Each structure stands twice: as structure tokens, then as C-alpha cells.
Amino acid sequence: MAEVVITINRRDYRINCDEGQEDRLRRLAQYIDEQIGELIEGVGNVGDVRLFVMASLVIADKLFDATAEAERLRARVAQAKQSSGGGEGEAAVASVVEAIARRIDDIAAGLDAA
């Protein structure tokens, strides 16, 4: 078991994690810290607990949107597979795959920008 010190809103927290997950945990903490920083800019420093709750809600909202989009894309892939009768079906699947790739890139860019 590894231990990582992360900083969120200028406070240090010691967190245990599996070996090899230290960098991922640091990136996640940085993302949360950025979300809290944006909230502070918008609403001020309203206390750690309220900031953590608000940041959690913002992150959960993004996760729900990404999950819903993934479900819509899965449905499109299933529909394209179902109608894949020869060349037209393959073209439909290719089109859906391209749309999925673009959407994943958009989501990743949005998360990087956050």
C-alpha cells in the first residue's frame, strides 16, 4: 500500500492507495482542487465542507452527462450493427465509431480545460 500527500484548497491530506496508482491519485486531486478553485472564484470561500460538496456535485454532473452520452452512443452502435446488411451496415458502424471518437475527444478536451 502506497501513501500519497495531496493538496486540495491549500490543505494537505495523506491518502493510501494501491502501488502504482500514486500519479493517478495526484491527477485526480489536482482536478478536484481546480474545481474548488473555480467555485471559490464564483461564490467565494464558503468553507471546506460546502466547497467539497459543491465540487462533488459539479463532478457528478459531468460524470452523469458523460455516462448518458456513452449510453446514447452504445445504442447507436447497437442500431448500426442490427442494420448491418452488407456495405451499408459497415458504413453505418464506421460512422458511429467516428462520432464516438469525436465525442470522446470533446469530453477529454473539456476535462483538460476544467
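Me: Thanks! What does Tyr13 count as at 29% relative accessibility?
Reply: Tyr13 counts as partly exposed, because its relative accessibility is 29%. Buried means under 20% relative accessible area, exposed over 50%, and partly exposed in between, with a 1.4 Å probe and protein chains only.

Me: Before we go on, what kind of model is this?
Reply: This is a predicted model, where local features need pLDDT of at least 70, side-chain atom pairs count only at pLDDT 80 or more, and totals for chains, interfaces and linings use all residues. Residues are numbered from 1 along each chain as its sequence is written, and side-chain values use heavy atoms, with hydrogens and water left out.

Me: Got it. Back to the rings: how many aromatic pairs does the count come to?
Reply: One aromatic pair. The rule is that rings of Phe, Tyr and Trp (its six-membered ring) pair if their centres lie within 6.5 Å; planes under 30 degrees apart count as stacked, over 60 as edge-to-face and the rest as tilted. Here the ring centres of Tyr13 and Phe52 are 6.3 Å apart and the planes are at 70 degrees, so the pair is edge-to-face.

Me: And where do the two partners sit?
Reply: Tyr13 is in strand β2 (residues 11-17) and Phe52 is in helix α2, 39 residues apart, so the pair links distant parts of the chain. Helices (H or I, at least four residues) and strands (E, at least two) are DSSP runs, numbered from the N terminus.

Me: What about Phe52, what does it count as at 26%?
Reply: Phe52 counts as partly exposed, at 26% relative accessibility.

Me: Let's zoom out. What pattern does the chain follow?
Reply: Along the sequence the pattern is β-β-α-α-α, which comes to three helices and two strands. Of the 114 residues in the chain, 19% are buried.

Me: How do α1 and α2 cross?
Reply: The axes of helix α1 (residues 22-43) and helix α2 (residues 48-82) come within 9 Å and cross at roughly 115 degrees. Axes are lines fitted to C-alpha atoms, for helices over the stretch in contact, and angles run from 0 to 180 degrees between N-to-C directions. The two helices are therefore roughly perpendicular to each other; angles under 35 degrees count as roughly parallel, over 145 as roughly antiparallel, 65 to 115 as roughly perpendicular and the rest as oblique.

Me: Which residues of α1 and α2 meet?
Reply: From α1, Tyr31, Ile32, Gln35, Ile36, Leu39, Ile40 and Val43 meet Leu51, Phe52, Met54, Ala55, Val58, Ile59 and Lys62 of α2. Contact means heavy atoms within 4.5 Å. The residues divide into twelve nonpolar, one polar and one charged, where Ala, Val, Leu, Ile, Met, Phe, Trp, Tyr, Cys and Pro count as nonpolar, Asp, Glu, Lys and Arg as charged, and the others, Gly among them, as polar.

Me: New topic: is Ile8 buried or exposed?
Reply: Ile8 counts as buried, at 5% relative accessibility. Ile8 lies in strand β1 (residues 2-8). Leaving aside neighbours within four places in sequence, Ile8 is in contact with Tyr13, Ala29, Ile32, Asp33, Ile36 and Phe52. The C-alpha atoms of Ile8 and Asp33, 25 residues apart along the chain, are separated by 4.8 Å.

Me: What is phi of Asn9 near?
Reply: Phi of Asn9 is near 55 degrees, a positive value in a residue other than glycine. Most residues other than glycine have a negative phi.
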